Amino acid sequence: LRKGREDTKNEPGAAYFYYGEMEMRRHSRTSPAAERGIIWLYWLISGYGLRSLRSLTALVILGIVVTIALTSWGLGATAPVTTPPQQMVGTVSTASHQHAEIKATLSGITPRLPAANQRWTKDRAETALEVTFESFVFRSTDEPLTTAGTWITIAARIIGPVLLALALLAVRNRVRR
C-alpha cells in the first residue's frame, strides 16, 4: 500500500502507511528484542524520521544533560591544558669545558575537579555550555577537562549530530509532501 501511494506521488498518504508499518514492527513479538529496542529508540527520538520536533527536543535535552554533567564532573579546576609528556635532552658545558648530558621529562598538569561547593558557579556553567556547543560541531575545546569530561564530550560529538540529522530528515520529509 505504501509503495502504491509513493508511486502516485501521494507522500502524505505514504508517510501514514510507513508510520503504521514501523509501529507494527515495534510491537511485534516475533522480532528480536534488539531490533525492537532500536525501533523503539527511533520512534522515541524522531517519530520514525517524521517528527522533527522530537529530534530537536532530544537535542536540547542532550545539551542540558551534557552541560550539567560537565559542570558537575567534566571541567577541571586547573588553568593549564593537559599536555602529553615531553622529552628534553641537551648538553651542558662546565667551567672546565667538560660536557655533561641532561635528560628530563616535562609533564602537563592533570586537571582536577574543584571542591564540591565550588563546582556550581555561574562561570563554570557558562564554560560548560560553551564546551557543549563546541562538542556538537566537532570543535575541540581549550578548557581543561577531566577524564570524565573528555568522555562526555566524545558522547556529545557522536549523539548530537545524529539527532540533528534526524531532525533534518524529518524536515525533508515534511517539505517533500
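Thr67 sits in helix H4 (helices are DSSP runs of H or I with at least four residues, strands are runs of E with at least two, and both are numbered from the N terminus). With a relative accessibility of 13%, Thr67 counts as buried (buried means under 20% relative accessible area, exposed means over 50%, and partly exposed is in between, using a 1.4 Å probe and protein chains only). Setting aside neighbours within four places in sequence, Thr67 is in contact with Ala125, Ala128, Leu129 and Thr132 (a contact is heavy atoms within 4.5 Å).

Ser72 is also found in helix H4. At 10% relative accessibility, Ser72 counts as buried. Leave out residues up to four places away in sequence, and Ser72 touches Leu113, Arg119 and Trp120.

## What kind of model this is

This is a predicted model, where local features need pLDDT of at least 70 and side-chain atom pairs count only at pLDDT 80 or more, while totals for chains, interfaces and linings use all residues. Residues are numbered from 1 along each chain as its sequence is written, and side-chain values use heavy atoms, with hydrogens and water left out.

## The overall build

The protein has six helices and two strands. Going along the sequence, the pattern reads α-α-α-α-β-β-α-α. Of the contacts with a separation of 6 or more, 61% are between residues 24 or more positions apart.

Of the 177 residues in the protein, 32% are buried. The accessible surface comes to about 11800 Å², and carbon and sulfur atoms account for 63% of that (areas come from the Shrake-Rupley method with a 1.4 Å probe, and for residues only the protein chains shown count as cover).

## A trio of tyrosines

How many aromatic pairs are there? The count comes to two (rings of Phe, Tyr and Trp, the last by its six-membered ring, pair if their centres lie within 6.5 Å; planes under 30 degrees apart are stacked, over 60 edge-to-face, and the rest tilted). Tyr19 and Tyr48 have ring centres 5.0 Å apart and planes at 75°, so this pair is edge-to-face. Tyr19 lies in helix H2 (residues 11–27) and Tyr48 in the loop between helix H3 (33–46) and H4, so the pair ties together parts that are 29 residues apart in sequence.

Tyr19 and Tyr48 are both buried. Tyr42 and Tyr48 make an edge-to-face pair as well, at 5.9 Å centre to centre with 75° between the planes. Put together, the ring pairs link Tyr19, Tyr42 and Tyr48 into a cluster.

## An arginine over a tryptophan

Arg26 lies over the face of Trp43, 4.0 Å from the ring centre (a charge sits over a ring if NZ of Lys or CZ of Arg is within 6 Å of the ring centre and within 35 degrees of the ring normal).

## A leucine patch on the surface

Which residues make the nonpolar surface patch? Leu53, Leu56, Leu164 and Leu168 do, over about 400 Å² (patch residues have over 30% relative accessible area and no salt bridge; nonpolar side chains, meaning Val, Leu, Ile, Met, Phe, Trp and Tyr, are joined within 5 Å, and like charges within 9 Å). A salt bridge here is a side-chain nitrogen of Lys or Arg within 4 Å of a carboxyl oxygen of Asp or Glu.

Helix H4 (52–74) and helix H6 (147–176) each supply at least two residues of the patch. Leu53 belongs to helix H4, and its relative accessible area of 64% makes Leu53 exposed.
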